[in-house]
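Thank you for making the time this morning.

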Amino acid sequence: MSVAQAVMKDWLTKNAGQTYGNYIAGQWKDADSGSLMARYDASDRSQVLGHFQQSGASDIAAAVAAAETAFGTWSKRPAPERAQVLLRFAELLDKEADGLAYRCSAEQGKVLAEAYGEVGRAAAEVRFAAGEALRMNGEVHPSEKPNMVNTVMHQPIGVIGAITPWNFPIVAPVRKIAPALAYGCTVVLKPASLTPWCAVYLMELLEEAGVPPGVVNLVTGSGSEAGNALVTHPQVRGISFTGSSELGKRINAQAAGQLKKTQLELGGKNAAIVLDAESIDGAAKQIVGAAFSCTGQRCTAISRVIVLKRHADAMEQALVSEMTRIQAGPAWDEKVGIGPLIDQGQLESVQHYVQLGLEEGAQLVCGGEVLTGANYDGGAYMAPALFRSVQPHMKLAMEEIFGPVLCMIEVEDEQAAVEAANATVYGLAASLFTSQHDACWRIADKLECGMVHVNHGTASQAHMPFGGVKQSGYGAYSIGHSNMAFFTEPKAVYIQYTS
Ligand code: NAP
Ligand code: MG
């Protein structure tokens with residue numbers, strides 16, 4: 001056993017296996033159903049992590065009522081005070097990085113280094129959001145009338161329903177909670193059923209940071225019951241949802257029926273275009289990093305490499321050489337570069353695509369097999385896969401796989417590369433690797449996606465607008481100042497004064 005594994009075992013012995021309540025109005029409460037759901041370590045299913053509430057509509061109603069009451073006072077707290085609370089929260093994220101990263105790595109299965117990266121990223125996003133409290137500036141316009149000032153102010157919309165996926169158990173909730181609090185909104189969070197443990201810990205840290213009771217509430221449970229109740233609750237004014245495109249569309253239709261605002265961050269099928277030979281080695285490193293971190297379970301994972309035919313052999317070689325350096329194994333082992341998939345269901349879903357790719361006539365260059373034996377039997381492991389001879393119309397090239405599968409598409413020229421990149425229903429992120437300055441602008445302009453990265457992988461930054469077009473997103477982009485359009489609404493105020 002490595003040192004890191006021994007530390008992890010010791011830590012889990014002390015911290016795992018507890019039963020956690022919902023966090024409503026500053027109190028830990030059991031769900032009305034009286035039922036619990038157990039969660040297990042993704043790297044080792046024999047290790048129970050905790051038992052969490054299986055909540056329903058009545059628990060959501062209690063949480064929304066608490067958030068509605070708290071909105072009255074929180075929205076009136078001066079902006080610098082809201083910012084101070086968030087800055088204390090960011091400090092606690094840094095201070096408690098070990099506990100957060102261990103929980104994240106255990107319940108999600110990402111390697112520990114990535115889990116620490118997620119904590120650091122969450123803290124950075126909170127610090128940017130804290131500043132947003134003071135950037136809720138409005139406008140002053142000329143008036144049609146004498147002695148009149150026309151202004152527009154921005155006010156928080158009210159209670160936010162935050163629904164998050166399982167791939168980023170810390171960043172996904174924080175990305176919704178921090179801006180909501182900065183702009184004066186209150187929150188009910190329904191995290192993914194597979195990753196409630198980090199969410200519970202975030203509530204403890206928010207409380208310690210001085211977030212008043214009711215301002216942030218946590219209700220765990222299934223999407224079909226707790227999630228649906230949150231989406232349809234009449235007092236919830238905005239839904240910030242991150243998850244699959246299919247579900248996002250359904251939630252958007254439900255929210256529209258009640259004229260709720262939505263902010264949807266959805267799936268992706270992100271392409272990397274590699275234009276010239278001298279870019280290949282650097283590109284391979286970046287692409288492999290972006291394709292296989294979080295075991296490929298990232299909305300912004302690169303899943304298609306689009307390369308000119310004459311460079312395809314060199315590209316394949318460079319990718320294989322990078323990929324064979326990655327060792328798969330339990331997330332806590334410091335030698336490991338790729339952890340398990342989150343669970344058996346996700347492994348089966350990804351394996352279905354590996355099979356489908358072979359049936360569609362793509363060529364499996366390396367990886368793709370389920371890993372068994374010794375360390376692997378405790379989780380859902382597979383070797384990262386590279387397919388070649390993938391045609392843009394194949395399902396392998398069109399559908400989000402959400403696992404460690406990378407496809408190479410070979411094209412004749414730059415125009416065909418852009419057409420192939422745009423040939424999916426998704427439009428989240430894309431990378432472009434080239435030494436031609438002109439091509440950067442020309443291609444960035446034509447790519448149908450929310451984020452373009454030139455000469456690096458699909459890694460975003462903690463103050464930049466984050467989002468997608470087409471079926472990858474809807475509503476205001478998150479993270480950046482763009483968030484203000486979702487969490488606030490404008491009010492036009494006309495002030496007549498005496499001269
Ligand atoms: P998902 O299946 O769409 O679930 C997302 C969340 O919605 C979970 O909390 C889920 O609860 C909940 N939910 C399920 N049914 C619901 C309903 N009827 N009403 C309300 N909520 C409901 O997504 P996932 O499998 O967790 O995550 C993978 C997907 O997320 C991928 O498509 C990925 O691309 C996308 N994603 C996008 C971004 C982005 O920023 N664009 C970031 C990360 C992930 P349960 O867990 O209980 O089912
Ligand atoms: Mg799902």
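Let me begin with a pair of helices, α3, which covers residues 79-95, and α5, which covers residues 112-132; their axes come within 9 Å and cross at roughly 170°. With an angle of that size, α3 is roughly antiparallel to α5. Please keep in mind throughout that this is a predicted model.

Which residues make this meeting of α3 and α5? On the α3 side we find A83, L86, L87, F89, A90, E91, L93 and D94, and on the α5 side they meet V119, A122, A123, V126, R127, A129 and A130. Divided by class, the residues of this contact are 12 nonpolar, no polar and 3 charged.

Helix α3 also packs against α6, the helix of residues 171-183, at an angle of about 155° and with the axes 8 Å apart. Here again the cut-off matters, since an angle over 145 degrees counts as roughly antiparallel, and α3 is therefore roughly antiparallel to α6. The crossing of α3 and α6 is right-handed, and the residues in contact are R82, L86 and F89 from α3 together with V174, A178, L181, A182 and Y183 from α6. In terms of class, the contact of α3 with α6 holds 7 nonpolar residues, no polar ones and 1 charged.

You will have noticed F89 in both of those lists, as a residue of α3 that takes part in the contact with α5 and in the contact with α6. If we set aside the neighbours within four places in sequence, F89 is in contact with V126, V174, L202, L205, L206 and A209.

In soluble globular proteins, nonpolar side chains tend to be buried together. In this model the largest nonpolar core has 70 residues, and those with the most contacts inside it are F89, L93, I170, L181, W197 and V216. Which helix gives the most to this core? It is α7, residues 197-209, with 10 residues. There is also a second, separate core of 35 residues, which includes L341, V354, V390 and L396.

Now for some individual residues, starting with V288, which lies in helix α10, residues 280-292. Is V288 buried or exposed? Its relative accessibility is 5%, and so V288 counts as buried, the limit for buried being under 20%.

Y497 sits in the segment after β21, the strand of residues 488-496, and with a relative accessible area of 43% it is partly exposed. Where in the sequence are the contacts of Y497? Leaving out residues up to four places away, Y497 touches N147, M148 and V149, and the C-alpha atoms of Y497 and V149 are separated by 8.2 Å while being 348 residues apart along the chain.

As for D44, in strand β5, residues 44-53, its contacts beyond four places in sequence are with K9 and G378. D44 and E246, for their part, are 202 residues apart in sequence and 31 Å apart in space, C-alpha to C-alpha.

L259, in the loop between α9 (245-257) and β12 (261-265), has a phi near 50°, a positive value in a residue other than glycine, and with a relative accessible area of 70% L259 is exposed. K470, in the loop between β19 (451-454) and β20 (473-474), likewise has a positive phi, near 50°, whereas its relative accessible area of 36% makes K470 partly exposed.

Terms used. Residues are numbered from 1 along each chain as its sequence is written. Chains are lettered from A and ligands numbered from 1 in the order in which they are written. This is a predicted model: local features need pLDDT of at least 70, side-chain atom pairs count only at pLDDT 80 or more; totals for chains, interfaces and linings use all residues. Side-chain values use heavy atoms; hydrogens and water are left out. A nonpolar core is a set of buried Ala, Val, Leu, Ile, Met, Phe, Trp, Tyr and Cys residues joined through side-chain atoms within 4.5 Å. Buried means under 20% relative accessible area, exposed over 50%, partly exposed in between (1.4 Å probe, protein chains only). Helices (H or I, at least four residues) and strands (E, at least two) are DSSP runs, numbered from the N terminus. Contact means heavy atoms within 4.5 Å. Axes are lines fitted to C-alpha atoms, for helices over the stretch in contact, and angles run from 0 to 180 degrees between N-to-C directions. Angles under 35 degrees count as roughly parallel, over 145 as roughly antiparallel, 65 to 115 as roughly perpendicular and the rest as oblique. Ala, Val, Leu, Ile, Met, Phe, Trp, Tyr, Cys and Pro count as nonpolar, Asp, Glu, Lys and Arg as charged, and the others, Gly among them, as polar. A crossing is left-handed if the near helix is turned anticlockwise from the far one by less than a right angle, and right-handed if clockwise.
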